[in-house]
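Please examine the sequence and the three-dimensional structure shown here. The paragraphs that follow lead through some of its features step by step.

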Amino acid sequence: MTSIDDTPAGPALSSLRRARDRFLGGRPPGDGVPEDLAQAWRRARFFGVPRDLTAPPRVRPPVDPPLLAAARPALDRVAPTLSGGMGLVLVDSRCRALWSGGGRYAGTSADVAGLDLSEKAVGHNSAALALRTGRRAEVHGPEHFLDLWQEVSAVSVPLYEPAAGRPAGAVTVVAPLAEDRTAHPGAAIAEATAHAVETELLGRARPPERLLLDAYLRQRADGAAVVALDGSSRLVSPEAARLLSHETLTRLERRATALVRDADTGQEGARAGAPEETSGPEGARTGTPAENTGPEGPRSAPPEESAGPEGAHTATPEAIAAPEEFAVPEEFTVPDGAGLTVRMSRLTHGGEVIGAVATVCPAARRARAAERHDHDRLPGLVGTSRPWRLAVSGATELARSAEPLLLIGEAGVGKTALARALLTLRGSAAPRVVDAAEQVPGEVPRWCHALAEREGGGPPLLLRHAERLGQSDVAALLSLLERRPAVPLVATHTPGAPTGPCLSRLLDILSARSVALPPLSERVEDIPALLTAFTGHPSPGRPPLTWSLDARRALEQHTWPGNVAELAHVVREVAERRRATGPVRREELPYGLRVPPATRRLSGMERAERTAILEALRRHGDNKARAAESLGIGRATLYRKLRAYGMDQA
């Protein structure tokens with residue numbers, strides 16, 4: 001269960017309904033739809049989900065599922081208290097409905113049990129989203145893919161079983177749709193029900209599982225990045241998930257399995273060579289378990305390293321007459337070149353090894369964080385804002401495997417620069433760059449044919465403007481992806497252009513591994529760094545270009561419809577025209593940038609007129625007489641409109 005507040009803050013329901021109708025009619029949903037929602041709709045279309053399903057498909061429900069047995073007492077207590085037509089639904093980890101109760105939107109348990117609510121069966125819904133993200137999720141009315149749920153609002157909270165690092169199911173509260181699209185009225189009920197179910201699951205856990213969970217929770221309480229493993233399941237803290245790669249976690253799991261196996265065959269005692277540490281009756285912490293371990297190079301930790309995070313020394317078995325818990329920790333270096341040192345402790349119960357707990361040493365954790373920070377700073381990229389860092393980090397993670405990757409964003413946001421940096425990160429051969437906007441016939445089919453014929457693979461393809469691909473190019477890519485899904489392809493896509501059915505299918509396939517890049521208006525804190533990068537080296541005899549605070553403020557207030565590419569053009573224009581010395585002043589910027597934002601809300605006609613005036617002034621070098629003549633109005637009229645729009649002081 002999570003308690004993150006995901007209160008929706010997206011577009012109004014009426015605009016979402018229009019966007020959904022456009023999407024289902026084969027047109028782009030529009031710019032106002034969140035990218036993750038548009039991707040969910042595209043996945044549903046790719047899976048072939050019919051929008052007009054009268055009921056979700058039915059699958060064989062599990063027989064006497066333990067989740068339902070543990071959840072039933074809490075569900076039976078909560079369901080009778082629901083009001084306003086709200087209902088309660090329980091699903092398992094495969095999104096199969098196990099139970100329902102409450103209002104008319106949930107139906108009866110006999111009707112609902114066995115319904116398949118997965119995304120592949122019914123498209124976007126809150127239960128599938130909560131299981132996929134591992135946190136609370138809300139889906140309202142037209143956000144659903146099915147017509148069946150257009151008047152339903154749902155909130156789902158995942159359920160975590162002890163000693164399992166992934167959701168075992170989810171609790172969903174459904175209610176009639178509210179047009180104001182506020183937070184779901186049943187969110188608190190869903191959270192409370194999930195907490196009650198998880199408490200019951202914890203009480204039913206077997207003693208070894210309880211010990212593993214208790215050890216994990218104690219280390220988490222100290223803020224450590226911790227992993228608990230027993231050879232069949234693992235608990236990974238969010239800090240550990242950020243620091244450790246999938247390969248490292250797999251090595252840890254293999255090491256824990258080996259510890260349990262060796263203990264069963266009597267080999268562990270010879271290897272430990274040190275007295276075991278134990279925990280007190282109240283679960284007092286006795287040693288710092290290690291977070292990461294590699295399969296080679298174990299060494300026993302020196303006695304002084306066995307103290308807990310607070311420096312408390314551990315007790316010996318003779319000092320505490322309680323069940324054994326931690327054995328002496330072993331220290332490892334992760335064999336992936338990161339230089340990350342971790343410490344792993346065996347977890348024992350009744351004289352048997354039941355698992356292991358691993359934590360990152362503080363110094364190693366800082367080194368790993370610094371290494372990852374430097375790693376994410378790809379060549380040729382500038383920016384430290386949170387939206388940009390999240391996008392680059394997500395793209396970097398996806399680019400670690402040689403599979404197709406789609407970079408989505410407005411024109412000029414830096415998709416091509418990021419694509420080149422990612423291909424450099426892969427360390428592959430120089431990519432073949434194809435710009436679909438240039439309509440060079442045969443380039444993409446030739447690359448597809450060469451890649452299909454060459455057993456060892458070929459150079460990667462950087463495909464720009466995928467939305468402009470011709471039919472032959474689309475057909476060649478679809479054919480290649482059907483035969484060979486893992487191809488070294490990085491494509492860029494600017495939404496908004498109409499797409500045919502074949503191109504839509506290709507984009508749907510590529511969107512399964514896609515990253516949306518933020519526009520410059522959402523990362524204005526990166527503008528100073530971008531200005532420095534675009535200024536470059538000045539001409540001989542000229543001082544470097546610097547910017548006054550007022551000029552930078554004007555740049556940060558601009559909406560930047562052309563994004564980073566427009567900013568680069570402005571810097572070049574200023575550098576070429578400038579004759580003065582010292583920092584660039586606001587008065588030296590192009591007219592459209594000197595003008596502050598409108599001080600009042602403008603109508604559509606007023607915005608269009610204001611934009612036309614700005615463009616005319618820019619085109620004629622701020623000459624108002626020529627600008628008025630090109631607009632077909634008198635100079636006095638132009639001055640009057642400039643005052644009306646607050647542009648006369650620029």
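A disulfide is a pair of cysteine sulfur atoms within 2.5 Å. The model shown is a predicted one, and a search of the whole structure finds zero disulfides. Two cysteines may be located as a start. Cys 95 is buried, because its relative accessibility is 3% and buried means under 20%. Cys 502 has a relative accessible area of 36% and is therefore partly exposed.

Helix α2 may be considered next. This helix covers residues 35-47, which makes 13 residues. From its first C-alpha to its last it reaches 18 Å, close to the 18 Å expected at 1.5 Å a residue. An α-helix has 3.6 residues a turn, so residues three or four places apart point the same way. Which residues of α2 are buried? They are Leu 37, Ala 38, Gln 39, Ala 40, Trp 41, Arg 42, Arg 43 and Ala 44. The elements that cover these buried residues include the helices α1 (13-24), α5 (119-122), α6 (126-133) and α17 (501-510). The strands β12 (405-408) and β16 (514-516) are also among them. After α2 comes Gly 48, whose phi is positive, near 80°.

The charged side chains form a further topic. Side chains of opposite charge can pair when their charged atoms come close. How many salt bridges does a search of the whole structure find? The search finds 21.

One of these salt bridges joins the side chains of Asp 92 and Arg 96, with 2.7 Å from N to O. Asp 92 is buried, as its relative accessible area is 6%, and Arg 96 is buried as well, at 12%.

Another salt bridge is formed by Asp 435 and Arg 464, whose closest N and O atoms are 3.3 Å apart. This pair links distant parts of the chain, for Asp 435 lies in strand β13 (residues 432-435) and Arg 464 in strand β14 (residues 461-464), 29 residues apart. Asp 435 has a relative accessible area of 13% and is therefore buried, whereas Arg 464, at 27% relative accessibility, counts as partly exposed.

A further salt bridge brings together the side chains of Arg 585 and Glu 587, at 4.0 Å from N to O. Is each of these two residues buried, partly exposed or exposed? Arg 585 is partly exposed, with a relative accessible area of 40%. Glu 587 has a relative accessible area of 52% and is therefore exposed. Both residues belong to a network of salt bridges that also links Arg 578 and Glu 588.

Technical notes: Residues numbered from 1 in each chain as written. Predicted model: local features only at pLDDT ≥ 70, side-chain atom pairs only at ≥ 80, totals over all residues. Heavy atoms only, no water. Helix = DSSP H or I, 4+ residues; strand = E, 2+ residues; numbered from the N terminus. Expected span 1.5 Å × (residues − 1). Buried < 20%, exposed > 50% of the residue type's maximum accessible area, 1.4 Å probe, protein only. Contact = heavy atoms within 4.5 Å.
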